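Student: I have a structure open and want to learn how to read it. Can we go through it feature by feature?

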Amino acid sequence: MPRDNTPSRHLLNQVFQKSGMQTPQPVVESGDLAIVRGLLLNSDMMAAHAICRP
């Protein structure tokens, strides 16, 4: 999950809330893409990915 109190985390939380779902409890919070990539390659973890549109 994105770190707490970041714009991407707020957007992700809004998506879950608007869907009527509880926000997941993060196991790892990181903004470091190398760490996230390593965890994804070597585990069954999932990550949230934000898409910026103009």
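Student: What share of the contacts with a separation of 6 or more comes from residues 24 or more positions apart?

Tutor: This is a predicted model, so every value here is computed from it. In this protein, residues 24 or more positions apart account for 35% of those contacts.

Student: How many helices and strands are there?

Tutor: The protein has 2 helices and 0 strands.

Student: How much of the protein counts as buried?

Tutor: Buried means under 20% relative accessible area. Of the 54 residues, 11% count as buried. The protein exposes about 4,800 Å². Carbon and sulfur atoms supply 56% of that area.

Student: Take helix H1. What span should its residues give at 1.5 Å a residue?

Tutor: The expected span is 1.5 Å times one less than the number of residues. H1 has 12 residues, so it should span 16 Å. Its end C-alpha atoms are 16 Å apart, which agrees.

Student: Which residues of H1 are buried?

Tutor: Arg9, Leu12 and Asn13. Now look down the axis of H1. The buried residues fall within an arc of 100°, so they line one face of the helix. On the other side of H1, Pro7, Leu11, Val15 and Lys18 are exposed.

Student: What happens just after H1?

Tutor: Check the backbone there. Gly20 takes a positive phi of about 80°.

Student: Next, charges. How many salt bridges are there?

Tutor: The general idea first. Side chains of opposite charge can pair when their charged atoms come close. The cut-off is a Lys or Arg side-chain nitrogen within 4 Å of a carboxyl oxygen of Asp or Glu. By this rule the count comes to 1 salt bridge. The side chains of Glu29 and Arg9 meet in it, at 2.9 Å, N to O. The pair links distant parts of the chain, 20 residues apart. Arg9 is in helix H1 (7–18), and Glu29 is in the loop between H1 and H2.

Student: Is Glu29 buried, exposed or partly exposed, and where does Arg9 fall?

Tutor: Glu29 is partly exposed, with a relative accessible area of 39%. Arg9 is buried, at 8%.

Student: Which residues form a nonpolar patch on the surface?

Tutor: Patch residues need over 30% relative accessible area, and nonpolar side chains are joined within 5 Å. Here the patch is Val27, Leu40 and Met45. Together they have about 280 Å² of accessible area. Leu40 sits in helix H2 (residues 33–41). Leu40 is partly exposed, with a relative accessible area of 34%.

Technical notes
Residues are numbered from 1 along each chain as its sequence is written. This is a predicted model: local features need pLDDT of at least 70, side-chain atom pairs count only at pLDDT 80 or more; totals for chains, interfaces and linings use all residues. Side-chain values use heavy atoms; hydrogens and water are left out. Patches are made of residues with over 30% relative accessible area and no salt bridge: like charges are joined within 9 Å, nonpolar side chains (Val, Leu, Ile, Met, Phe, Trp, Tyr) within 5 Å. Accessible areas come from the Shrake-Rupley method with a 1.4 Å probe; for residues, only the protein chains shown count as cover. Helices (H or I, at least four residues) and strands (E, at least two) are DSSP runs, numbered from the N terminus. Buried means under 20% relative accessible area, exposed over 50%, partly exposed in between (1.4 Å probe, protein chains only). Contact means heavy atoms within 4.5 Å. The arc is that of the directions from the helix axis to the C-beta atoms.
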